[in-house]
Amino acid sequence: MQSKRVVVLTGAGISAESGIRTFRDNDGLWEEHRIEDVATPEGWRENPQLVWNFYQARRRQMLEVEPNPAHFALAEFENALQYFTLITQNVDDLHERAGSSKVLHMHGNLKTLRCEQSGRSELRMSDEDLRPQFVKCTCCAEPSTLRPDIVWFGETPIHMREIYTALEECEVFIVIGSSGHVYPASGMVNIAKMIGARTILVNLEEPLNAYDFDEIHYGKAGELLPKLVQGWLNES
Ligand code: OAD
């Protein structure tokens, strides 16, 4: 696989073994919170404190967790390949901390906050930035409130031009730890298939779009991926 153009898409499942809860598993975040309340622009308008508390808890948790063997395996994969694109639906920074050099975070980032006036994102992870109180931007003459730098339902995912360019050229498309519920990420496998790429899935359970994959490996990403990556690199 070393000379192939490889695109990898990760979802919440890859960070599960690091201790970050997924969304749709039995103990997932959407069991306790309604998407409408904490992951939509309407939710933010109606109850900003609830939304703020939800993401502040996740931002604080990010400082306590560590990348797992699946994140490290992908960083190694990238190092060994000439053409490699890593797309993630995740908002944590575990890929970067494992050594991945370029990560397309299509659903935003927990580390940054976004000014509602200017649209600019700022890295805000100091102790003061992680409290229950709202924080203000540094970009406007009259500082305005910052919102979580997350792509909520009803908003447009980011880096899509770069993502589709990579997808349209890919020869191998690998999805790891995603339930296939959320579009456009869930539809990327169709694009890859349409252009004749080999499509591979690594997931704990059967996702909604399982039938689109040529090859499926069920199990925990942290256990499976290190061996799978070695195997892929040894393929001619
Ligand atoms: P989900 O929570 O929907 O799905 C996680 C998937 O990971 C499930 O199919 C699990 O079976 C699988 N899984 C769990 N543990 C695993 C492990 N150790 N190894 C491998 N797989 C494992 O998460 P996503 O598909 O990423 O969006 O969710 C997509 C989007 O929905 C998220 O980015 C988020 C959410 O609403 C926003 O917040 C905008």
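Student: What radius of gyration would a compact globule with 236 residues have, and what does the protein chain have?

Tutor: The rule for a globule is 2.2 Å times the number of residues to the power 0.38, with the radius taken over C-alpha atoms. For 236 residues that puts a compact globule near 18 Å, and the protein chain agrees because its value is 18 Å. This is a predicted model: local features need pLDDT of at least 70, side-chain atom pairs count only at pLDDT 80 or more, and totals for chains, interfaces and linings use all residues. Residues are numbered from 1 along each chain as its sequence is written, and side-chain values use heavy atoms, leaving out hydrogens and water.

Student: What does the C-alpha trace span along its principal axes?

Tutor: About 60 × 35 × 30 Å.

Student: How many of the residues count as buried?

Tutor: Buried means under 20% relative accessible area, exposed over 50%, partly exposed in between (1.4 Å probe, protein chains only). Here 52% of the 236 residues are buried.

Student: How many helices and strands are there?

Tutor: Both are DSSP runs numbered from the N terminus: helices are H or I, at least four residues; strands are E, at least two. The protein chain has ten helices and nine strands.

Student: Which residues of H8 are buried?

Tutor: In H8 (residues 160-169), they are Met160, Ile163, Ala166 and Leu167. They lie on the same side of H8 because their arc around the axis is only 130 degrees, taken from the directions from the helix axis to the C-beta atoms. Arg161 and Glu168 are exposed on the face turned away from that buried side.

Student: What covers the buried residues of H8?

Tutor: The cover includes strands S1 (5-10), S2 (83-88), S3 (103-105) and S7 (172-176), plus helix H9 (188-194). Contact means heavy atoms within 4.5 Å.
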